[in-house]
Amino acid sequence: MNGAESLIRTLIASGVDTCFTNPGTSEIHLVAALDRIPKMRCVLGLFEGVVTGAADGYARMAEKPACTLLHLGPGLGNGLANLHNARRAQVPIVNVVGQHAISHLCHDTPLTSDIEAIARPFCHWVRTSEAPADIGRDAAAAITAARTAPGYIATLVVPADVAWSNGGVVATATPAPRSPMPSTKAIERAAAMLRSGLPTAILMSGNALYGKGLAAAGSIAAASHATLLAPYPIARLERGVGIPKVARINYVLEQAVDQLKEFRQLILVGSAAPVAYFAYPGKNSVLTSPDCEIHTLARSGEDYVGALEALEPALSVRRREPSTEKPERPSLPYGPITLPGLAAVVGALLPENAIVADESMTSGRGMMAETRGAPPHDWLGNTGGSIGIALPLAVGAAVACPSRRVLCLSADGSGMYTLQALWNMAREGLNITTVIFANRDYAVLKREFSYLSAGEPGPRALDMFEIGRPDLDWVQLGKGMGVPSTRVNSLEGFAKALREGFESEGPTLIEVPL
């Protein structure tokens, strides 16, 4: 058995059975091993940013790592923006990056680079395998590192001669260490705060925002009248009718400050204290009131679900009965396209158990409000602020959950970063409905320009914010990648296209001119 086969067999033996790939010459023996070992599902991406973004979406929904296969330092470099987002999402990913044969490195050929140095700022664990006998053990260690709470990115560099040489040994990843419980003191303090009667919010992230964690948080909120909050950069939020309501902190600084001003106590579960995305002249970056006491119940990597469940007996909480609520959807609007109207259409038609991958930027600010009463669904957001995540995120989520409908909401500017993901949707036959909000602007930058006291943007500045001349034609772009695509010009047209997308087998794309 060569090193490449031992790597793939180790991944499969440890439950890593999906690989998002964009390989090159240095990875040929890894590709050959994948060809001989069919238990690993391989999904080719045409750009490494799609590969890493899809691995992120997969991990958020499958709650286990996928692996990526990337070509040398430049291939890893192309995927770094969405690895940045994945790191901020705190999801597990195992990157396998090819390297030149060890004997070839002395020649300093054009693709030679310091791969470990490229990886370290974006990865928690980095190692280069030095011999075929090491590669299985190293892969197992990478998987264990990735699975360590709250979810880490591990990168294993595999020289070509280590892959092609015999002597590989299959290993099995050891179980990741259990997440430690917060201290009794931290739990008791949180319980006392919730009993105090002061206006209190609980700011949560990770698995506190879905499943057992959110169920416990909902019972605590019902008993204590606390408000449940999520950071603006959410990885995954379960929501909809019958699900405990969680308010997302607003992106706009002044709106977030107004949203949080009433709270005198803030309890953190896996989250940092809320601050603005950027600094602004003369404005405070801290979003909470100076009078707000902030207490950390569970730090990053601690047991968020266990911490919330430990609060329940301290508050004499009774678990919520299963909900009998019915969806409260907005009525379908008619007439010219407006942003509130588009949000109402999505709220009226979103299917039960859908997954929403949202990077709609300024065009989608009303989407979450209009879908609060929709049937239960999951909402995935941009966690790291690096745009170009929605389309590959939707691909990964759809691969992880093939029986669920995925709605991808993307601005046109951010969609252009990773539009190759449309090809993946068609090639894999994924049930994804993509909505492109085509305002032909980096509209958020126009707003930020005014915030930074730089005056009104002149023609040269506007030329850096506007993406027309020529206008992008998303219908042609979608069709060119094999995705049935349409452009709508009214709210009733949007409703018809959205309904047809949800009912179709395979992907569709809807361009909405704004």
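I started at R404, which counts as buried at 12% relative accessibility (buried is under 20% relative accessible area, exposed over 50%, partly exposed in between, with a 1.4 Å probe and protein chains only). I keep in mind that this is a predicted model, where local features need pLDDT of at least 70, side-chain atom pairs count only at pLDDT 80 or more, and totals for chains, interfaces and linings use all residues. My numbering runs from 1 along each chain as its sequence is written, and side-chain values use heavy atoms, with hydrogens and water left out.

**Entry 1: salt bridges**

What does the side chain of R404 meet in a salt bridge? I found D378, at 2.8 Å from N to O (a salt bridge is a side-chain nitrogen of Lys or Arg within 4 Å of a carboxyl oxygen of Asp or Glu). The two residues are 26 apart, with D378 in strand β14 (377-380) and R404 in the loop between α15 (390-400) and β15 (406-411); helices (H or I, at least four residues) and strands (E, at least two) are DSSP runs numbered from the N terminus. D378 is buried too, at 5% relative accessible area.

Next I looked at R487 and E511, whose side chains form a salt bridge at 3.1 Å, N to O. R487 sits in strand β17 (485-487) and E511 in strand β18 (508-513), so this pair ties together parts 24 residues apart in sequence. R487 is partly exposed at 36%, whereas E511 is buried at 0%.

K496 and E500 make another salt bridge, at 2.8 Å from N to O. They are four residues apart in helix α21 (491-503), about one helical turn. K496 is partly exposed at 48%, and E500 is partly exposed at 41%. I also noted one network, in which salt bridges with shared partners join E63, R236, D378 and R404. The structure holds 19 salt bridges.

**Entry 2: domain 1 against domain 3**

The domain assignment gives domain 1 (3-164), domain 2 (184-325) and domain 3 (339-513); such bounds come from an automatic or database assignment. Taken over C-alpha atoms, the centres of domain 1 and domain 3 are 29 Å apart.

How much area is buried between domain 1 and domain 3? I read about 2000 Å², with carbon and sulfur atoms giving 65% of it (the accessible area, 1.4 Å probe, that two parts lose on being put together, summed over both). V50, R60 and M61 supply 30% of what domain 1 buries against domain 3, more than any other three residues.

I count one salt bridge between domain 1 and domain 3.

**Entry 3: helix α1**

Is helix α1 (3-13) mostly covered or mostly open? Mostly covered, I found: nine of its eleven residues are buried, among them L7, I8 and L11. Its cover includes α2 (28-36), β3 (66-70) and α7 (132-147). After α1 comes G15, with a positive phi near 90°.

**Entry 4: G413**

G413 is buried at 3% relative accessible area. Beyond its neighbours within four places in sequence, G413 is in contact with Y442 and I467.

Notes:
Contact = heavy atoms within 4.5 Å.
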